[in-house]
There are 2 protein chains.
Amino acid sequence: MDKLYFEDLSVGQHFTSATLTVTEEDIKSFAAKFDPQPFHLDDDAAKDTLFGGLAASGWHTAAMTMRMLVDGGAPLAWGIIGGGGEIAWPKPTRPGDVLHVEAEVIEITPSKSKPDRGMVLMRSETKNQNGEAVQVSTMKLLVPRLPVG
Amino acid sequence: MDKLYFEDLSVGQHFTSATLTVTEEDIKSFAAKFDPQPFHLDDDAAKDTLFGGLAASGWHTAAMTMRMLVDGGAPLAWGIIGGGGEIAWPKPTRPGDVLHVEAEVIEITPSKSKPDRGMVLMRSETKNQNGEAVQVSTMKLLVPRLPVG
């Protein structure tokens, strides 16, 4: 797919990523490095917690969501460059989940100070194989304007 | 440090984490797995981008921030269990940065439906060795109430 510039985007435009399968090993290895808590590391220990079983760190879900967006889920010309936004994890990501991302353009705004770029507000839902959202986020992304001439 | 319950927390309470040093290898290996874009993978390629040099993925900064909070930066009794919140990356994290997290309790609210827990809104700034914030986030965390009896 061609890379998209500011002028190619419109409010309501949708993107859907390819899928990504989450293994128990993925969950544990991310957790060991970045979020070493029992409910992300050990299935038995996780049973006695609020999660009721092994669950991915929310930041792991966020990182996997980014991977799906970068791998073609949102083909923006400069790549996915985000300044921040909101994030929520309505349900945990579990071992064996098959995730994909559905993204939608919510708002597009030309930069006031820099004529070569604009800002896109993109809402993305990361869904599992049952259509349940494991992450909902709205992020501000930088997008280049079409070069003049 | 003793683990903190809802009753131990108060608005304005501060926590400071230990430091974490970010290597070029850390930045590239996170990026290769979760955010394979040139400005996170290759110093030369990064020079020609908005970042002007190798920079960590924002999600890597988020994951490292979580690690510092889990490692004692915010000693909550159930661990750090977040439902979501806001996040921003005012500046990139660079190779060699020495990060730490400064967290502050912004709001505490007992759960209306579940008498065993409450919600804590925690603002955290992840700062580099120059005191510059590379991440600012405000997250809703679940905290248990002290067991009765």
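Predicted model: local features only at pLDDT ≥ 70, side-chain atom pairs only at ≥ 80, totals over all residues.
1. Basis. Local features need pLDDT of at least 70, side-chain atom pairs count only at pLDDT 80 or more, and totals for chains, interfaces and linings use all residues. Residues are numbered from 1 along each chain as its sequence is written, while chains are lettered from A and ligands numbered from 1 in the order in which they are written.

2. Interface. In contact are 24 residues of chain A and 25 residues of chain B (C-beta atoms, placed from the backbone, within 7 Å). Helix 4 of chain A gives the most to its side, with eight residues.

3. Helices. Helix 4 (residues 58-73) of chain A packs on helix 4 (residues 58-73) of chain B at about 170 degrees, axes 10 Å apart. Axes are lines fitted to C-alpha atoms over the stretch in contact, and angles run from 0 to 180 degrees between N-to-C directions. The two helices are therefore roughly antiparallel (over 145 degrees). Among the residues that meet are Trp59(A) and Met66(A), with Trp59(B) and Met66(B) across from them in chain B.

4. Strands. Five bridges join strand 3 of chain A to strand 3 (residues 82-88) of chain B, running antiparallel. Gly84(A) stands opposite Ala88(B). Strands are DSSP runs of E, at least two residues, and helices are runs of H or I, at least four.

Technical notes:
Parallel < 35°, antiparallel > 145°, perpendicular 65-115°, else oblique. Contact = placed C-beta atoms within 7 Å. Pairing = 2+ DSSP bridges.
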